[in-house]
Amino acid sequence: MTRRPARASASGSADRAAVTAAVTAAEGQLVGRVTVRDAVDGRTVHRSAVTGGSWVLDVPRHWRSSLYRAVFRPGRGEASEVWFVVRPAEDAPRARVLLSVPFATWQAYNRSGVPGEGLYWTEDPARAARVSFDRPGGGPPPERWEEGLMRWLRAHGPDVDYCSNLDLHLDPRALLPYRLLVVNGHDEYWTWEMRDRVEGFVRAGGNLAVFGANTAWWQMRLEDEGRTMVCYRDAAADPMAQLAPELTTVEWSSDPVNRPENSLTGLSFRTGAGCWGPSMERMRLEAYTVAFAAHWVFEGTGLADGDTFARGGLGYETDAADLEFTDGVPTATGRDGTPASLAVLATADLRHWQHYGQGGWAVLGVFESGAGTVFNAGTVNWGAALGDPVVARITRNVLTRLSAPAAPGRWTALGSAHGALALAGTGPWIFAALADGTLGVRSADAHNRRLQPAGPAPDVVALAAPREATVGGPLALYAADRHGRLLARPPFPEAADWQVLDRCPTGTRALAVCDGRLYALDHDGALWTAPQSPRPDGSPRTWLRFAPPAALRALTAVNGRLYAIDGQGTLLHRLPEQSSSWQELGPARDVLTLGGQAGRLLGLDPEGTLLRRSVLNSKVSDQS
C-alpha cells in the first residue's frame, strides 16, 4: 500500500490513510448511509451515516488487502456503488502472489452506448475518447468474470495481495515484493508503462499467471495522475500518433504500435473466439481437450492426452495462438508473435463460433520469458469452472509452482520418447537412438512433439554433439555402438549414413564432446578422453583414462562443462580439467540418460518421457 495521496472514487486503489468517493455526479448531495463490504467474501466491515458532497473513509490498518464495495442508500443502482482495492501497508508482511483487479476494463464499459460518456461502442462515432474514474459506475459487469477466482482463492488459498491494475502503471515498485502476478478475468486495457513493468518483472525472474482472456487487447493512456483514461481506438484521431506513435491508443498488435500482446501473454484474441449477446450461453457447452498430459500443469489431475475438462469454463471470449497440427499434436507456429517457447497444453476448437460472434480457438499454455514463466488459461471464464476438481487442481499447480521461492532446478516434461536409449541435442534438434535400431529426431521446442524417423542407428548406445562453435573437429552427431565403434553423421534431421571413425573404450555407455575432446563413460563408471579431431595420419585416436571409476551412470556436456549422474541419482558437474572435481547440482533420481541442447540438460525417465532442465540451480525458469 502506498502512502502517497490518492483517491479511489468509482474505481481504483485505496490509500490506507483515506478513501474519497466522488459519487455526487448523479446523486447530488449525499444523505443516507453507506455500507462497505469485502467484495470477495461478503463480510460487512463498515457502516456509517453520510451527508454532504463527498464521503471520506479512513481505512483501518487491520483491513486485509482485498477488493471492497461501498454501497450508498438511498441510491440508484450502480451510481450508488464505489469499488476499490486496499493494498497492504508498506510495513506489513506480503503474500507471494499479487492479484490485479481490472478497473480500467470496468471503466471502459461504464455507460456503454451513451454518446460522449462511454468508450463503447468501439466504432460508434459518438463514443468518448477519454473518460474519468471520478464518476459513478465503473464496477464489474453483471457476469463478474473476476469473482470466481477471487472467491476460490479466499476459500482455498494461497493468500494473495490485491492491487488495481492502475497501480501497475502508477507505482513502479508495485511488483517488487512478489513472486507471481495474477491477471484475472477480463483485463483488456493496458498502458505502455504497465506492459514494460510486467514484462520486466517476468524477464527478471518473476512469474505471470493469466486466468483470463482478451488480455492486453487495447492500449490506453492515463492522464490527470491516473484519474482519466484515454482510448481513441483510431490512430487517425489520436494526436499521439504524430508525437509518439508507439503510444497510440489502438490494439497492441495494430499499426503504428506493432507490439503484439502475445509476446507478453503467449496468447491473443486475434486467433481466439467470442460469442456475444443472445449467443453467450453457448460458452457453457464447450470444453478443453488435453494436448500434453505429462506436463506439470496437469500433475495430479489423472488426465490423459485427448481427455476433456473445464466444460463451462470457456467464457465468451478466449485467447489462442496460431496453431498447426502434426500427428494430431497442436503446436504454435510463432507467425502471430507467440513466443517459440510456448508449450500448448490444451486446446478447444471454437471455429464454429463464427455463427455467434468470432470463430477461432482457445489455448491453454505456458512458456519461458527471460528468467520467468508465463502461464495462460486462455479463457475469460476460468473462475466459473473452479468447482471442477480438475480445474481446481490445475489452478493450484500453477499458483503453487509459480509463487514458490527460487528452488533447485526441476525437470520438465517435453513429450514422449519411448524406446530411447541415448539423447543428444544440436542446433534446434533433439536426437534419440531408439531400441529398434533407428534414429529419432524432434524439434527442441517445448511442444509435446513426437520423434520422427531420421534414419538408421543400429546398435547405437550413446550419442553426443559438440557446441555449435567447435574447433576440435567437424560439427557432427557422434555415437558409440555395442561393438565399440565410434561413429559420426551430419547433425541434420534428414536420413544419413553413419561413418565409422575408429574405436571407443571397451564398454562405452555414454559420450560427451567438450572443449575439442571426446569423453566416454564405461560400464565401470570410469571416464575416458580422446581428441575430437582425427589424427593427421588416419591412425586411431588414443583414449586415456580421465577419471577413475566413480559409480557414474550417465554423461553429457553443456557449454564447456561435463555433467553426470551418479549411482545415488545425484546430478553432478565439473570442468573438463584433471584438477577439477565433481560437484553436486541437484536430484536426478529417475533420470536414466543425459543429453545437452542449447544450454540445457536433457533426460529420459523410466516411462520414456523426455525431460529438460536448466544447468542453473537458482534459475526461476526451472519452474516451467
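**Buried faces, cis bonds and positive phi**

In helix H3 (residues 147-156), Leu 149, Met 150, Trp 152 and Leu 153 are buried. The model is predicted: local features need pLDDT of at least 70, side-chain atom pairs count only at pLDDT 80 or more, and totals for chains, interfaces and linings use all residues. Residues are numbered from 1 along each chain as its sequence is written, and side-chain values use heavy atoms, with hydrogens and water left out.

Reader: What makes the buried residues of H3 line one face of the helix?
Author: Seen down the axis of H3, they fall within an arc of 165°, so they line one face. The arc is taken from the directions that run from the helix axis to the C-beta atoms. Buried means under 20% relative accessible area; exposed is over 50%, and partly exposed lies in between (1.4 Å probe, protein chains only). An α-helix has 3.6 residues a turn, so residues three or four places apart point the same way.

Reader: What covers the buried residues of H3?
Author: The cover includes strands E6 (66-73), E8 (97-101), E10 (160-164), E11 (180-185) and E13 (207-212), and helix H8 (389-403). Helices (H or I, at least four residues) and strands (E, at least two) are DSSP runs, numbered from the N terminus.

Reader: Which residue follows H3, and what is its phi?
Author: Gly 157 follows, with a positive phi near 75°. The peptide bond from Gly 157 to Pro 158 is cis, with omega near 5°. Pro 158 sits in the loop between H3 and E10.

Reader: What is omega for the cis bond that joins Asp 255 and Pro 256?
Author: Omega is about 10°. Pro 256 lies in the loop between helix H6 (240-243) and helix H7 (262-265).

Reader: How do you know what confidence the predictor has in the chain?
Author: The chain averages a pLDDT of 91, and 93% of the residues score at least 70. pLDDT is the predictor's confidence in each residue, from 0 to 100. Over residues 1-10 the pLDDT is below 50. Over residues 619-624 the pLDDT is below 50. Where pLDDT is low, the predicted coordinates should not be read in detail.

Key:
Contact = heavy atoms within 4.5 Å.
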